[in-house]
Amino acid sequence: MKLKSDVNDNDLLRLMLAGDEDALSALYRRRQGSVYRFALQMSGSRSIAEDVTQEVFLFLMREGHVFDDSKGTVGAFLLGVARVHVRRRLRAEHRLEPLGDDSDDEDLFMQSATDVCPLEDLTRAETIESVRKAVLSLPPKYREVVVLCELQDVSYGETAEILGCAIGTVRSRLHRGRALLLAKLRPAEEVEETGAATVKSARCFA
Amino acid sequence: MNCQRFETVVSELARGQMMAAEQRTEALAHSDACDDCAARLGDEQMLTLGLQSLAAELESLEAPREIEAKLLAAFRARDVVVPIKKGSSSRYWLAAIAAMLLIAISVVVFRWSNRPADEPRQATQNGRQEQPQPKQDVSNKSNDQLAQNAEKPSVDDSLPQPSKPKRIRPVSLRRPNNAAVANHATKEIATDFIPLSYMSAVSLQQEGGQIIRVQVPRSALANFGLPVNMDRYNEKVKADVLYGVDGMARAIRFVQ
């Protein structure tokens, strides 16, 4: 097993597909954390995250030969598979809003997740919980980008590979997702002033 | 920098992402001058801190150990692992064998359908022996024979048409040599060469020459005393024109 820790992901996958159990174990231990956390942050459910993690690696055992190292890394491939499984599970459990529906964005923008002002003291555990809830309440396409870029520290390029979109799309979704998070975390009294603040901001050309 | 441009970079600025030094300086200078943008930057920075705190809290989370045990058990049972190489290679072999069989069958069918034995069989069906095709080099023909041919074409229009028209290979207008024409002629029905009106039959005895395939109006058949189907009067008919070495057209034959 010690030897396997020095082998890169691609070789581990190849060995695993050839029937090497140690390779599977090494690859699982190396990549299960990011898959599990991604599924947990996307779904907010430990049971879904566990199921998705298991399904992702079962898929890898069955269909691992479809991985093409010229298109990305094994880690990105696993997160892409996890994304598909998470969406499937959430859709089945009616936890997911219709994909690509931006009409609800403005409503979400005006909602406030909490009555307290978490921006004043984000180090508190309650505030972290508020951020977690705010992330979970994002529309899926923004949530994916926020989870990957902000919480998983995945690069823009790798996020684009996972989501199958352009880097520019990742940037714009992240910008929009952060704006939605800010709106959710902003106190209710500030939300009422959002319109005026926007006008004021637009008039400032200093 | 103005507020609109600041808005496009504020997230990157708050997240500490790489950006041009000049752009960063301008953005920070703008936030110093604009209270709204300074507040906006403050919010973004607080959000970044919140997300970083959340990420740090979740960083240690891992999947339960029993998942690994289940996966390894499934792997040992081999009930999920598809023998990829074996399965795929046998599939490729099957496909290759099927392709080879198809090719072999196609070749056999093609050769059978184009075998030369078909020619005499068709001739006997018409109740008479098919006349041999005229030689392309007409220089050896006698004057009498040519004159006779001019009056009486060898193609008998009363003969029934073949039920299945023979496949006529597309030909270029200029025939390269006589051998090619002779080979071509075995697949077509043609009249004998008819001397053109301004040429005497004697002139056909000259050595050499060239045959050129052309299309002429069907009405031209009448000029040589051949019957014309009035229903197809406007259609064209193929013909071979014999040119002498001097470039003069000497004879023509009609091809079906």
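**View 1. Chain B from end to end.** Starting at the N terminus, the elements of chain B follow the order α-α-α-α-α-α-α-α-β-β-α-β-β. That comes to nine helices and four strands, where helices (H or I, at least four residues) and strands (E, at least two) are DSSP runs numbered from the N terminus. This is a predicted model, in which local features need pLDDT of at least 70, side-chain atom pairs count only at pLDDT 80 or more, and totals for chains, interfaces and linings use all residues. Residues are numbered from 1 along each chain as its sequence is written, while chains are lettered from A and ligands numbered from 1 in the order in which they are written. Of the 256 residues in chain B, 18% are buried; a residue is buried if 20 or more other C-beta atoms lie within 10 Å of its own, exposed if 12 or fewer, and partly exposed in between, with C-beta atoms placed from the backbone. Among chain B contacts with a separation of 6 or more, 66% join residues 24 or more positions apart; two residues are in contact if their C-beta atoms, placed from the backbone, lie within 7 Å.

**View 2. Where chain B touches chain A.** The contact draws 35 residues from chain B and 40 residues from chain A. On the chain B side, helices H1 (3-15), H2 (21-33), H3 (35-58) and H4 (65-77) each give two or more residues. H3(B) gives the most, with 13 residues. The chain B side divides into 22 nonpolar, five polar and eight charged residues. Here Ala, Val, Leu, Ile, Met, Phe, Trp, Tyr, Cys and Pro count as nonpolar, Asp, Glu, Lys and Arg as charged, and the others, Gly among them, as polar.

**View 3. A closer look at H3(B).** This helix has 24 residues and reaches 35 Å from its first C-alpha to its last, close to the 34 Å expected at 1.5 Å a residue; the expected span is 1.5 Å times one less than the number of residues. Its buried residues include Cys37(B), Arg40(B), Asp43(B), Glu44(B) and Leu47(B). Their cover includes H6 (125-136), H7 (140-151) and H9 (167-185) of chain A, together with H1 and H2 of chain B.

**View 4. H9(A) crossing H3(B).** The two helices pack at an angle of about 90 degrees, with their axes 10 Å apart; axes are lines fitted to C-alpha atoms, for helices over the stretch in contact, and angles run from 0 to 180 degrees between N-to-C directions. H9(A) and H3(B) are therefore roughly perpendicular, a label for angles of 65 to 115 degrees. Arg178(A), Leu181(A), Leu182(A) and Leu185(A) of H9(A) meet Asp43(B), Glu44(B) and Leu47(B) of H3(B). The residues of this contact divide into four nonpolar, no polar and three charged.

**View 5. The largest nonpolar core.** This core has 57 residues, and those with the most contacts inside it include Leu27(A), Val35(A), Val56(A) and Val146(A). A nonpolar core is a set of buried Ala, Val, Leu, Ile, Met, Phe, Trp, Tyr and Cys residues joined through C-beta atoms within 7 Å. Helix H2 (residues 21-43) of chain A supplies the largest share, eleven residues. Leaving aside residues up to four places away in sequence, Val56(A) touches Val35(A), Leu78(A), Val81(A), Ala82(A) and His85(A).

**View 6. Asp153(A) in its loop.** Asp153(A) sits in the loop between H7 and H8 (156-163) of chain A. It has a positive phi of about 60 degrees although it is not a glycine. Asp153(A) is exposed, with 11 other C-beta atoms within 10 Å.

Note on methods:
Angles under 35 degrees count as roughly parallel, over 145 as roughly antiparallel, 65 to 115 as roughly perpendicular and the rest as oblique.
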